[in-house]
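Trainee: I'd like to learn how to read this structure feature by feature. Could you walk me through it?

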Amino acid sequence: MDTLSALLHGFSVALTPYNLMWSAIGVTLGTAIGVLPGIGPALTVALLLPVTYNLDPTSAFIMFAGIFYGAMYGGSTTSILLNTPGESASIVTALDGHAMARKGRGAQALATAAIGSFVAGTIATVALTFVAPLMVRVALAFGPAEYFALMVLALTTVTAVLGDSLPRGLASLFFGLALGLVGIDLQTGQARFALGVPELLDGIDVVVVAVGLFAVGETLYNAARHRYEPEELYDLKGSKWMSREDWARSWKPWLRGTLIGFPIGALPAGGSEIPTFLSYLTEKRLSKHPEEFGHGAIEAVAGPEAANNASAAGVLAPLLSLGLPTSATAAIMLAAFQQYGLQPGPLLFENNSSLVWGLIASLYIGNVLLLVLNLPMAGVWVKLLAIPRPWLYAGILIFATMGAYTLNNNLVDLVILWVIGLIGFGMRVLDIPVAPCIVGLILGPMAEQQFRRALAISQGDLSVFVTHPISLGLLLTALLLVVVPVLLRRRRAKHITA
Amino acid sequence: MTTDKGLRLGEVAFGLAVLALGVFIAFETWTMPVVGAATTVGPRLFPGLIAAGLILVGLWLQLEAVTTGPVDAEGIEIDWPAFSLVASGLLLQIVLLETLGWIVAGTLLFVMTARAFGSRRYLANILIGVALTALTLLVFDLGLDLELPIGSLFEPLLDAIRK
């Protein structure tokens, strides 16, 4: 009952006309920016950070919740109509969604994605409402050793489970961890790796790195590639509504997608790539028309989109209750919290309960707003896709540099942005995943602090990490996650050669 | 630099870069002065671990590049002139931002990026660039209290008008 009254209080915060306005602005901006090709949810949140600088924290996070969900909706439009998924989680949607668009069924693909996102988002938000307080209770039993083990687990899964090359993921992770070293060591006040530049003493901002990797790196990549990769944009035509058959084929995948997406997203090891792939495979196996998969099967859009949105809500559970980001987008949200001097975790629920529950309540509201915004207005968003590429990318760079400069009003951030942008370009060309770097940058310093705190408590005895059962369990899980896929791959390789 | 060979070179270079970063961090950690009392875990442990990690991964990448070759065997073509145009547009903006201000530096970046994407409509691009940068300047400086630079060259002019 406690949770329900807290949630009701949250609604009373989120439903004030002032906050409702920020929620509406958030979902609209989130959708509008998220629709733009090449801009995924993580970048959308990063680019829109400056807009919230002058708001009080509660309104700012209500707006963020809107931006976050809006960007998810917007991203599916891009992958369906343009076949350029903004981030890896929408790759699966692009497969059959774009095939549907090619057949002139783009409107139905958008509709099943939007309604599926609504269904999944709502159910998953309900789940979040009840899971987050439980996680908080678990988190209260956590000491530094457990937190450290949890962070190791999160870093491992972000790195090892995604992408097909372990050394590439690790390179990205260690690069992020190295960037995280820059600045003043919090425990001793020792300056590390600042290279004599005073502006670096505060460390390298996650937002600059995310914008550099996603916006600048992506723009450089597209500038270098646009001559070789013609795009095909399919306009909406014909009936805009889903037929009875479309509904019949969509509703079960929505529910199954939610069921797959939320738990995986909510695990401290989360991410949204795995649930979308799992949902796709499940639907393919259960479908009466598996031959249609890959050629525009509506289930293959409905399921993964639902899974994607459900996992996005799931990712918020460890973020809010443990302060643990498990995706690039969550890492940037965490940076936003830190900018307001807030540290997500059990204490946040205690001390800022209006903010937390206002945020959760605004997720419910945002979902409803987005359904209203997306079904009748799909045509408007499609127009945004048609922006000429020179103007689109030039505009992205204007906003990227503006965001980086206004963080601290100094040119050093722009120089960092430039360097990271070039590195991002290289990573894009060589197909190196970006998420481990961003999550590593924000989790690295946190993990170091917990590690040293744990050892300070145990007076330098390293065995604390294995004698605490929770910590041991988390570390073993992390180890298995690295070792098992390698062994499986080796076995598969043996099968092929044998 | 189009094909398989280019990409393989890229892989080797990438591995070397990771390795170099690791060695650099190891060196910096080694020479880092340790202040204060000797605590059990000082500020040098994590940098040391990360340096070790980078060096190992760098070696691993070399090994992979030599033995298995690039993951994407097709290789990809890169339009270097377009790439350089965008990269130098960003650099110019950094150099010019505080003297010529957000509007001029931003517009230049806009026009150069648009050119890199094949647009030659300079007049239209300049107009859009000016409109976009002026709008963001107004919204952010007046509405949100952030400071996008007007440019030290123009500030005396602005003061003169205000007087």
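Trainee: Where does A:Ala149 lie?

Mentor: This is a predicted model, so local features are read only where pLDDT is at least 70. A:Ala149 belongs to helix H7 of chain A, which covers residues 144-160.

Trainee: Does A:Ala149 count as buried or exposed, and why?

Mentor: The idea is to count neighbours: 20 or more other C-beta atoms within 10 Å make a residue buried. A:Ala149 has 28 C-beta neighbours inside 10 Å, so it counts as buried.

Trainee: Which residues does A:Ala149 touch, leaving out those up to four places away in sequence?

Mentor: They are A:Phe465, A:Ser471, A:Leu474 and A:Leu475. As for A:Leu281, 132 residues apart from A:Ala149 along the chain, the two C-alpha atoms are separated by 32 Å.

Trainee: Now for a whole helix. What span does helix H13 of chain A reach?

Mentor: Helix H13 (residues 328-339) of chain A has 12 residues, and from its first C-alpha to its last it reaches 17 Å. That is close to the 16 Å expected at 1.5 Å a residue. After H13(A) comes A:Gly341, with a positive phi near 70 degrees.

Trainee: Why is H13(A) described as largely enclosed by the rest of the structure?

Mentor: Because 10 of its 12 residues are buried. Among the buried residues of H13(A) are A:Ile332, A:Met333, A:Leu334 and A:Phe337. Their cover includes helix H3 (41-48), helix H4 (57-82), H9, helix H12 (299-322) and H19 of chain A.

Trainee: How should I read a pair of helices?

Mentor: Two packed helices are described by the angle between their axes and the distance between the axes. In chain B, the axes of helix H3 (residues 80-116) and helix H4 (residues 122-143) come within 8 Å and cross at roughly 140 degrees. That makes H3(B) oblique to H4(B), and the crossing is right-handed.

Trainee: Which residues meet there, in H3(B) and H4(B)?

Mentor: On the H3(B) side they include B:Trp102, B:Gly106 and B:Phe110, while B:Ile126, B:Gly129 and B:Leu137 are among those in H4(B). By class, the residues of this contact divide into 12 nonpolar, 5 polar and no charged.

Trainee: Finally, the chains. How many residues does the contact take from chain A and from chain B?

Mentor: The size of an interface is often given as the accessible area lost when the parts come together. Here we have residue counts: 53 from chain A and 58 from chain B. H17(A) gives the most to the side of chain A that touches chain B, with 12 residues. That side has 31 nonpolar, 14 polar and 8 charged residues.

Methods
Residues are numbered from 1 along each chain as its sequence is written. Chains are lettered from A and ligands numbered from 1 in the order in which they are written. This is a predicted model: local features need pLDDT of at least 70, side-chain atom pairs count only at pLDDT 80 or more; totals for chains, interfaces and linings use all residues. Two residues are in contact if their C-beta atoms, placed from the backbone, lie within 7 Å. Helices (H or I, at least four residues) and strands (E, at least two) are DSSP runs, numbered from the N terminus. Ala, Val, Leu, Ile, Met, Phe, Trp, Tyr, Cys and Pro count as nonpolar, Asp, Glu, Lys and Arg as charged, and the others, Gly among them, as polar. The expected span of a helix is 1.5 Å times one less than its number of residues. Axes are lines fitted to C-alpha atoms, for helices over the stretch in contact, and angles run from 0 to 180 degrees between N-to-C directions. Angles under 35 degrees count as roughly parallel, over 145 as roughly antiparallel, 65 to 115 as roughly perpendicular and the rest as oblique. A crossing is left-handed if the near helix is turned anticlockwise from the far one by less than a right angle, and right-handed if clockwise.
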